[in-house]
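Open the model in your viewer and keep the selection panel at hand. The tour goes stop by stop.

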Amino acid sequence: MSREIKFRGFLKDIDVIGIGVPHTGHFVIGDLVQGTEYDYIVGGMLEANEEYSVLEWWQAIQKGTADQFTGLKDINDQDAYEGDIVSLDSDEPPYQIIFAEGKFEIVGNGINYDLGEEFMDCEIIGNIHENPELLKANK
């Protein structure tokens, strides 16, 4: 079984997103390259050999702001990423998608669930970068 592997990087200031870099709002989607001071979301390998590589585009992001795609979608067909905040039931506080111990999990309300197809009837209602206040009910 294979799944699409991609990352999204959060940029607080969208004015710093480079020309030609594909993005949705404050997020750049692509592959992750981890650097020493910054991480990078990159895309489109144009040329590579043993000495160098040429990328179609790249965008520096703050370290620790990249989220991995889970390979799953919510009830609205929206890609689910690590760092997303989801609602399983409108009567309960929301949960957060995390990656821990080699797997994606939904955590909140003192409960951890392994993330799988059975939980994808949830709705993504935000993310930890733009809507951290949604998780305050869990504390």
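How many nonpolar, polar and charged residues does the lining of the largest pocket have? It has five nonpolar, three polar and four charged residues. Here Ala, Val, Leu, Ile, Met, Phe, Trp, Tyr, Cys and Pro count as nonpolar, Asp, Glu, Lys and Arg as charged, and the others, Gly among them, as polar.

Before going on, note that this is a predicted model: local features need pLDDT of at least 70, side-chain atom pairs count only at pLDDT 80 or more, and totals for chains, interfaces and linings use all residues. Residues are numbered from 1 along each chain as its sequence is written, and side-chain values use heavy atoms, with hydrogens and water left out.

**Whole chain.** Color by secondary structure. The protein has zero helices and twelve strands. These are DSSP runs numbered from the N terminus: helices are H or I, at least four residues, and strands are E, at least two. The C-alpha trace spans about 55 × 35 × 30 Å along its principal axes. Of the 139 residues, 39% are buried. Buried means under 20% relative accessible area, exposed over 50%, and partly exposed in between (1.4 Å probe, protein chains only).

**Largest pocket.** Select Arg 8, Phe 27, Ile 29, Gln 78, Asp 79, Tyr 81, Asp 84, Ile 124, Ile 125, Gly 126, Asn 127 and Glu 130, which line the largest pocket. β3 (27-34), β7 (79-81) and β12 (123-127) are the elements that give two or more residues to this lining. β12 gives the most, with four. A pocket is an open set of points on a 1 Å grid over the protein atoms alone, where a 1.4 Å probe fits, with protein on both sides within 12 Å along at least five of seven lines; lining residues have an atom within 4 Å of a point.

**After β12.** Move on to Pro 132, in the segment after β12. Pro 132 is partly exposed because its relative accessible area is 41%.

**Two loops.** Most residues other than glycine have a negative phi. Select Glu 101, in the loop between β9 (95-100) and β10 (103-108). Glu 101 is not a glycine, yet has a positive phi of about 50°. At 76% relative accessible area, Glu 101 is exposed. Next, go to Asn 109, between β10 and β11 (111-114). Asn 109 has a positive phi of about 55° and is partly exposed, at 29%.
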